[in-house]
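I opened this entry to keep track of what I looked up. The notes follow the order in which I checked things.

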Amino acid sequence: MDERILVSPSDLLGDGVFETLHLRPSGPWLLPEHLDRLARSAALLDLPPPPPIDLGGLQARRTGVMRIVYTRNLLHVSVSEISEQVLRERRDGVRVLSADLGVSVGRRPPWSLSAAKSLSYASNFAARRWAARQQADDVIWTSLEGYVLEAPTSSVVWLSGDTLCTVPPAEAGILDGITAGHLLSVAGSVGLRPAFRMITLPELAAADAIWLASSVRGLAEVISLDGVPRGRSPWTPRLLSLLGF
């Protein structure tokens, strides 16, 4: 596949959407769900429905990262290697800091794109760079009311007793996490009850286990929250296996 991509000046303004998928020997993981979210994101930006995507040759590829970028001027699919950082975070876990995002639950402006996976990711990556300067790996954003929202590039998942939870995207006004949603849909097969719940930061800190969930990383266990170490959960390898990692 030709990895070159031609952009127009308007594309550089972030006026577009994208999806990142885990490419497996069997093909792109959860492809229909990602394509559905791509279309939903496009609609929020008043983009026409994305055209059909040619995935020729991808079935034979080894494990990697597939990205779909859709703007007003192009639709581009690229494939790259999984970074060592992603593999390390999946294996060793992540140290996370909480940060107030400065928004209220249910009070986003009418033009908000918080429910779209838009190309305007500069602040997301800036948040992770800020965490790195504090000797951490990632951030969990909270609302002005103190509710947990999401991480810059992943969803928050936690275990309380036998209940596996994530934040309800519509209620919280955040991106619909495909990996987190899929994990909850299959949680019953390992004896866990799925639930979508709002949760405060102190309540999250009291959970039995916390993970950041995303397509390529799968699950990265939170091993430190705001400087407080957390013990490793025996559920981490079981849930990763459930997701096919």
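**Overall build**

I counted seven helices and 12 strands in the protein chain; helices (H or I, at least four residues) and strands (E, at least two) are DSSP runs, numbered from the N terminus. The radius of gyration, taken over C-alpha atoms, is 18 Å, close to the 18 Å that the globule rule gives for 245 residues, so the chain is as compact as a globular protein of that length. That rule is 2.2 Å times the number of residues to the power 0.38. I noted that the C-alpha atoms fill a box of roughly 45 × 40 × 35 Å along the principal axes.

**Basis of the model**

The model is predicted: local features need pLDDT of at least 70 and side-chain atom pairs pLDDT 80 or more, while totals for chains, interfaces and linings use all residues. Residues are numbered from 1 along each chain as its sequence is written, and side-chain values use heavy atoms, with hydrogens and water left out.

**Burial and contacts**

I found that 50% of the 245 residues count as buried (under 20% relative accessible area, 1.4 Å probe, protein chains only). Of the contacts (heavy atoms within 4.5 Å) with a separation of 6 or more, 70% come from residues 24 or more positions apart.

I then looked up an open sheet of four strands, in the order S2-S1-S3-S4 with antiparallel pairing; two strands pair if DSSP finds at least two bridges between them. Strands S2 (27–28) and S4 (75–80) stand at the edges with a single partner strand each, so one side of each has no neighbour in the sheet. Strand S3 (residues 64–71) is joined to S4 by six bridges, and Met66 has Val79 in S4 as its bridge partner.
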